[in-house]
Amino acid sequence: MSGAGLASALAAVALVPHTARAEASAFFHEQVAPLLAGRCLECHSAGGKGGLDLRSKETAFTGDDGAVVVPGDPAASLLYEYVSTHEMPPKKPLEPAEIEVFRQWITEGAFFPDEPINPFAITSDRRAGYDWWSLQPLSDAAPPTDAANPIDAFVQAKLDASGLVANPPASPRDLIRRATYDLTGLPPTPEETESFVTACREETGNDAAVGDAAYGLLLDRLLASPRYGEQWGRHWLDIVRYGESNGYERNVLFDNIWPYRDYVIQSFNEDKPFTRFTLEQLAADSLDPGNPDVEVAMTFLVCGPYDDVGNQDPVKAAQIRADAVDEMIRTTSEAFLGLTVGCARCHDHKFDPIAATDYYRMYATFAGVSHGDREVATREQERERADLLKPLIDARNTASAERDAFQQAIVARSEARAAELEAFWTRPAVSRNLTEETFPPVEARFVRLMAEGRDDDPYAVSGFRIDEFEAWTAEESPRNVAAASTGATARGASRAPGDFADAYEADLAIDGKYGARWQATGPELVIEFAQPETIARVSFSSDRNAALAEGHPETPFISEYRIEVSMDGEAWTEVANARDRKPSNDRHRLKRLIDNEITAEERARLAELDAASAAAQAAVNAVPPLPRLRVGLLRQPDADQHVFIGGSPQRPGDAVVPASLSTLESAAGAYALPADAPEKERRHALAKWITHKDNPLPARVLANRLWQYHFGTGLADSPSDFGFMGSPPSHPALLDWLARELQLPSIKPGGGDYSLPERIGEAWRLKRMHKLIMLSDAYRRSAAWNETAAASDADSRLLWRFPPRRLRAEELRDTMLEIAGVLDTRMGGPGFRLYNYLNDNVSTYVPLNEYGPETYRRSVYHQQARAMYVDLVTDFDAPDCAFSVAKRVDTTTPLQALTLLNHDFTMEMADALAARVQRDAGPESRAQLARAYALAFNRAPAPEELDTATTLVEKYGMPAFCRALLNANELLYLQ
């Protein structure tokens, strides 16, 4: 179509009467725009294929191939031709009804609004738009009917609509077990169970009925228990991918991340408002600078996996850095917003209205954060330590100055005779690539290398490396008789046993290979030959192949030494030394000059001064350091931040500044900071925007998580993805009501209204929400199976029954410890390990074969490393912490049954449980069995169970019976 033709067509559209134009506008926005946005604009927008941009009327009517849209004439319009012949869209042709929409639109004049179509604006069958359900403000929907607990009104409305009948209430025994596990992760004790059952009986007059007052008191007790924070803190640690190693190739274990775990547990126990909890984790340094108890929260940003190898290639290093920031962006957006912002790293999000620009706005926010630990202290702590150190440092400096002055006098005297000594240094300095010593032939069974100095420290006699040591015979064709292949053996101190001792041991110095090295922790390397030999030369090195750069940690080499031989390994004779070699560096030269000049009296005095200086330094070192926490290293990022085209830091695109996501502008507002905004302000602004009262996502996401951990499945079954690829909520009105109740409560759990100050004080606190949910009939229902209801709702998504679940991995392990009577309930501090940790640049985690009492703590205190297998816990689906885990996967495998039946831990706990019931119940066998049932199942055994158990114990013993209890489904599953 010519320019004149296009102008005529547009003019014709503009002359349509107002009423018809309004109808055309409504048809376009309701029918046409969603089709264009969902099926066409992915290819045909800015820089579109075929030169076609369908976003605006100025660009949509013509393309490179002719008249795309001819108002009033579908047959002449290429758009209609392509969609009606199924040539476009190529991947999924339009349905007949959709083709008819385009035909009608063109026939009626092809109305197009003045403003361009935003592909993110409209939800279609292919993607979410800004009108997606989760991005809208929270609704004000009231419960559909009056109910003691509004939750039940929403749930009942869905049940009624589906024709489902709810189960009756659970029994007191089932309910106390369910509630105790939900809130504490541990079983109720038999005494707690009987007390609750008695209270319910006294309140209701019925053994099978739960008393409201008794149940309310139970919930209050459980929520006040310190075990609550351990259980619900574990949920949060899953979400934030908490791990105590860095993962990737090296996977090194860190010993200073655990304070964050304790912070999380304490925050839940204190019922800290979730908005404050959020602010602290993103920007604690702007809330309470230097306070370790608060700033530890920022471990959230850096407790994920990261690559610390340190690639020397700047391109790869930039990509590694981009990956580290990406991990922070993904965790933050998914944990707090339920948005997969990370999917917009390389291009606009394919399914949600998140532009690549949005992703890089968050990138600019976190660009100044990197992994590492730093001192975190209040100004008062810093001042107190400085005051304590000042006199000690002054004393050290005085002692050091006196020592240096005394030594300098000796040096000055020795320099006058330096030329005479230097004339003696006729041979080249040692070389770490190869150093040789020759001497008159001598018969020996042993040869010894004795260190007298290291190349980087003339006073150090350990810490050097030897990749190969050879001893050559005095023959026409010399043989290396020090080689292990000839039967020789090597002896020398290496790194501590249990830390890959065989990766550093002395045998590496005679294995005939140059890659691996003996790492000396002592001054001598002793080689024993297979038999006495006559030798005349030795050679040794630490980098025979010259493969290591100067300063590499594997390069330290021996530089002052002597070579000795022996026939019996007791009496030694020196045959060579390095004293006539040139010194390795100026420090070695200085030491030689001093050693040559110093008198006995001066040596004694220098030793006294050295001791005084060392004592003064020791006093300085004894002052405790300021706390060092793994809370990230912070620096001012470059003001010049860009979109990375295709996710590559090597392809900078449009400039960006730290700013909010455009995705939520209409609901939550927006902010944008200057390009040079201080690093701290960037994170603080993001945290304030996330927690803003008008932002609908944090409250929706958190309310859904609470529901998930109580019922096994969230109202939306994709707890960290509230976008197009996630699941819509089963009860949308209930989800929004819970979110609003979380933001600003209106009713007290159990009845009654809050005053305004109470409402504000209880906002965003979780314990009240727990109680509100757990007091509902939906939560208190029996878990009994109903064939009729299950036919239409097998997963109980509509909550006609309480969905039963298996104990989580940590709950199972902790339960076994608890009922066996050996659980160590000590809270906080460094964790325990269910593995041996071995490190040699890369790390290996070897599961323990035996467990001691030091491992009998709650599982949340386990020092959790990434990519680490721990029997029982891993088998029962404890996730690897390489990624955020919003919902654990429940599997049923033969390995679980085999592990639970045969694992050493099960055997130990069965023995401990047997000893406990014998201790608790006395010598009578049936009393012991009753006690075992009460501990494991919170009930008394039926007569036939008691008879069967008695027979089993008589035949196989009490530990065998206890082992069977620990494998019973009644223990493993919550009803």
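Start with the contacts of the whole protein (contact means heavy atoms within 4.5 Å). Among contacts between residues at least 6 apart in sequence, 72% join residues at least 24 apart. You are looking at a predicted model, in which local features need pLDDT of at least 70, side-chain atom pairs count only at pLDDT 80 or more, and totals for chains, interfaces and linings use all residues. Residues are numbered from 1 along each chain as its sequence is written, and side-chain values use heavy atoms, with hydrogens and water left out.

**The whole protein**

Zoom out. The C-alpha trace spans about 110 × 100 × 60 Å along its principal axes. Switch to cartoon view: the protein has 35 helices and 20 strands. These are DSSP runs numbered from the N terminus, helices being H or I of at least four residues and strands E of at least two. Of the 975 residues, 52% count as buried (under 20% relative accessible area, 1.4 Å probe, protein chains only).

**Stop one: α23 and α24**

Select residues 696–711 and 732–743. The axes of these two helices come within 8 Å and cross at roughly 105 degrees. Axes are lines fitted to C-alpha atoms over the stretch in contact, and angles run from 0 to 180 degrees between N-to-C directions. So α23 and α24 are roughly perpendicular (65 to 115 degrees). Show side chains: A699, L702 and W707 are among the contact residues of α23, and L734, L738 and L742 are among those of α24. The contact has nine nonpolar, two polar and two charged residues. Here Ala, Val, Leu, Ile, Met, Phe, Trp, Tyr, Cys and Pro count as nonpolar, Asp, Glu, Lys and Arg as charged, and the others, Gly among them, as polar.

**Stop two: α33 and α34**

Now select 943–956 and 958–966. The helices pack at about 130 degrees, with axes 7 Å apart. A949, L952, V953 and Y956 of α33 meet M958, A960 and F961 of α34. What classes are in this contact? Seven residues are nonpolar, none polar and none charged.

**Stop three: the largest cavity**

A search of the whole structure finds 12 cavities of 30 Å³ or more. The largest has a volume of about 110 Å³. Select its lining, including E230, R234, D238, E811, D814 and R888. α10 gives the most, with five residues. The lining has one nonpolar, two polar and nine charged residues. A cavity is a set of points on a 1 Å grid over the protein atoms alone where a 1.4 Å probe fits but cannot get out; lining residues have an atom within 4 Å of a point.

Key
Angles under 35 degrees count as roughly parallel, over 145 as roughly antiparallel, 65 to 115 as roughly perpendicular and the rest as oblique. On a 1 Å grid over the protein atoms alone, a cavity is a set of points where a 1.4 Å probe fits but cannot get out, and a pocket is an open set with protein on both sides within 12 Å along at least five of seven lines; lining residues have an atom within 4 Å of a point. Grid points are joined across faces, edges and corners, and a volume is the space filled by probe spheres set on the points. Buried means under 20% relative accessible area, exposed over 50%, partly exposed in between (1.4 Å probe, protein chains only).
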